[in-house]
Amino acid sequence: MSHVLSLAVANLLTPMVLFFALGLLAGRLKSDLSIPEAVSKGMSLYLMLAIGFRGGVELSHGAISGSVVAALLLAVLISFSLPWLACTLLRIVTKLPLTDRAAIAAHYGSVSVVTFVTATALLVQREVSYEPYLVAMMALMETPAIVSGLLLARGGSQRLSKELMHEVFLSGSIVLLLGSFGIGWLTGGAGQAAIAPFVDQPFKGILCLFLLDMGLLTARRLPKLSETGAMLIAFGVVMPLIGASIGLIAATVLGLSVGGTCLMAVLAGSASYIVVPAAMRTAIPEANPALYVGLSLGVTFPFNLLVGIPLYYAIAAWIAG
Amino acid sequence: MQLHAKKKIEIVVESACAKRLIEMIEKAGATGYTVVPQVAGKGVRGVRDEAHVSDLYRNVMIVVVAQADVAMRIVERSQPLLENYAGCVWMSDVQVVRDAHF
């Protein structure tokens with residue numbers, strides 16, 4: 001227990017987490033500190049390019065085995081099934097209409113790229129390696145949950161329009177993540193040597209600046225207790241723990257390393273706040289966006305960043321170490 | 001100079017709904033439209049000024065100038081599309097120089 005605590009404290013005292021906290025604080029104090037939208041979008045593109053590329057390069061160093069395919073399939077399955085669990089849990093603990101429950105549930109099957117990237121930065125800092133294909137698993141986990149969310153909401157088949165599917169499966173983040181992964185894989189060590197000064201050295205600093213921005217954004221999206229209700233906010237903390245437990249089990253089945261197990265928990269425990277909200281707003285307009293964005297961005301994201309990642313790492317080290 | 005009376009419709013709406021509105025506007029017979037990609041302000045759903053990471057909280061303004069009958073059609077057809085979204089529509093009289101363009 002003391003080991004877990006010391007690990008948690010060590011995680012809190014990284015520049016990444018402290019910059020996030022600074023953003024939260026500045027946002028709560030209504031400081032005029034802000035990062036221009038274009039810069040913020042540019043940074044998120046950079047982070048996805050770098051994480052995808054590095055994953056691809058790592059994968060090029062080893063042969064693709066059957067376990068990689070199994071891992072990718074399992075990732076899709078988890079993303080697809082978690083919303084059913086989330087929706088059922090919401091039915092038990094809240095009185096929300098089905099459309100709201102389905103929309104919220106979809107977020108919890110999908111993933112948060114920033115949470116994942118922050119977790120990898122923590123692992124790198126501790127010199128813990130992880131399986132490179134976790135990056136591809138992340139990209140594949142973004143969208144199946146959207147399909148589940150729409151199937152859960154009444155009239156699912158009508159909501160699954162061709163345009164929407166085109167939008168989500170070809171969303172910028174997926175194209176860039178998988179594309180960079182592919183480029184890293186193709187070009188391998190030579191590619192790495194060519195662009196390392198761009199994808200490696202500035203990575204943590206840019207992540208800090210991005211997390212500062214995320215803190216500012218989160219501060220403005222913290223859900224109001226009076227509007228959201230205590231049970232729903234509790235769901236925003238409990239659901240990532242359930243998801244992460246499933247991720248830990250899956251990682252054990254796949255026989256992942258400590259780093260891979262930790263990241264698998266992060267993937268299954270995190271909730272989307274970019275791709276899924278946009279899809280839900282279009283496909284389930286009746287659902288209240290303040291609820292799902294408030295939960296995924298205002299509760300689950302900071303919870304995972306501050307508590308979840310060190311906790312998942314400690315458990316991963318205990319299980320797989 | 002000869003000026004021609006037309007109607008101008010302005011629609012302020014969250015970006016998630018903009019694509020459907022624009023498709024409707026084209027089908028209704030308008031010859032063109034203008035989009036202001038980010039606007040801020042306050043309405044019945046509160047202050048909306050944020051455009052960040054996701055486009056969820058971004059409002060856009062769509063401006064259409066058209067003949068009176070087309071304009072009326074656009075206003076009528078916009079209402080069901082706006083049902084679950086933050087959006088408002090208003091119409092005013094304007095004058096244009098090139099009659100054939102609208």
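The model is predicted, so local features are described only at pLDDT of at least 70 and side-chain atom pairs only at pLDDT 80 or more, while totals for chains, interfaces and linings use all residues. Residues are numbered from 1 along each chain as its sequence is written, chains are lettered from A in the order in which they are written, and side-chain values use heavy atoms, with hydrogens and water left out.

**Confidence**

- The predictor gives the complex an ipTM of 0.79 and a pTM of 0.88.
- Chain B has an average pLDDT of 89, and 90% of the residues score at least 70; pLDDT is the predictor's confidence in each residue, from 0 to 100.
- A word of care for reading any model: where pLDDT is low, the predicted coordinates should not be read in detail.

**Where the two chains meet**

- On the chain B side, 17 residues are in contact with 22 residues of chain A, contact meaning heavy atoms within 4.5 Å.
- About 1600 Å² is buried between chain B and chain A, and carbon and sulfur atoms give 51% of that area. Buried area here is the accessible area (1.4 Å probe) that two parts lose on being put together, summed over both.
- Between chain B and chain A there are five residue pairs in polar contact, both residues at pLDDT 80 or more. A polar contact is a pair of N or O atoms within 3.5 Å; within protein, one must be able to donate a hydrogen and the other to accept it, and residues adjacent in sequence count only if both atoms are side-chain atoms.
- Helix α1 (residues 15-27) of chain B gives the most to the side of chain B that touches chain A, with three residues. Helices (H or I, at least four residues) and strands (E, at least two) are DSSP runs, numbered from the N terminus.
- Sorted by class, this side of chain B has seven nonpolar, four polar and six charged residues. Ala, Val, Leu, Ile, Met, Phe, Trp, Tyr, Cys and Pro count as nonpolar, Asp, Glu, Lys and Arg as charged, and the others, Gly among them, as polar.

- One salt bridge is counted between chain B and chain A. A salt bridge is a side-chain nitrogen of Lys or Arg within 4 Å of a carboxyl oxygen of Asp or Glu.
- The partners are A:Arg281 and B:Glu14, whose side chains meet at 2.7 Å, N to O. This pair crosses between chains, from helix α16 (residues 275-283) of chain A to strand β1 (residues 4-14) of chain B.
- Both A:Arg281 and B:Glu14 are buried. Buried means under 20% relative accessible area, exposed over 50%, and partly exposed in between (1.4 Å probe, protein chains only).
- B:Tyr85 lies 71 residues from B:Glu14 in sequence, but the two are 6.8 Å apart in space, C-alpha to C-alpha.
- The loop between α2 (68-81) and β6 (87-96) of chain B holds B:Tyr85, which is buried at 4% relative accessible area.
- A polar atom of the B:Tyr85 side chain lies 3.4 Å from the backbone oxygen of A:Thr282.

**Salt bridges within chain A**

- Over all chains, the structure holds seven salt bridges.
- A:Lys41 and A:Glu37 form one of them, at 3.2 Å, N to O. The two are separated by about one helical turn because they are four residues apart in helix α3 of chain A. A:Lys41 is partly exposed, at 30% relative accessibility.
- A:Arg54 pairs with A:Asp200, with the closest N and O atoms 3.3 Å apart.
- A:Arg54 is buried at 19% relative accessible area, whereas A:Asp200 is partly exposed at 24%.

- Helix α7 (residues 134-141) of chain A is largely enclosed by the rest of the structure, because seven of its eight residues are buried. Among the buried residues are A:Leu134, A:Val135 and A:Met141.
- Most residues other than glycine have a negative phi.
- A:Lys30, not a glycine, has a positive phi of about 55°. A:Lys30 sits in the loop between α2 (15-28) and α3 (37-60) of chain A and is exposed at 73% relative accessibility.
- A:Glu127 also has a positive phi, near 55°. A:Glu127 lies in the loop between α6 (113-125) and α7 of chain A and is exposed at 75% relative accessibility.
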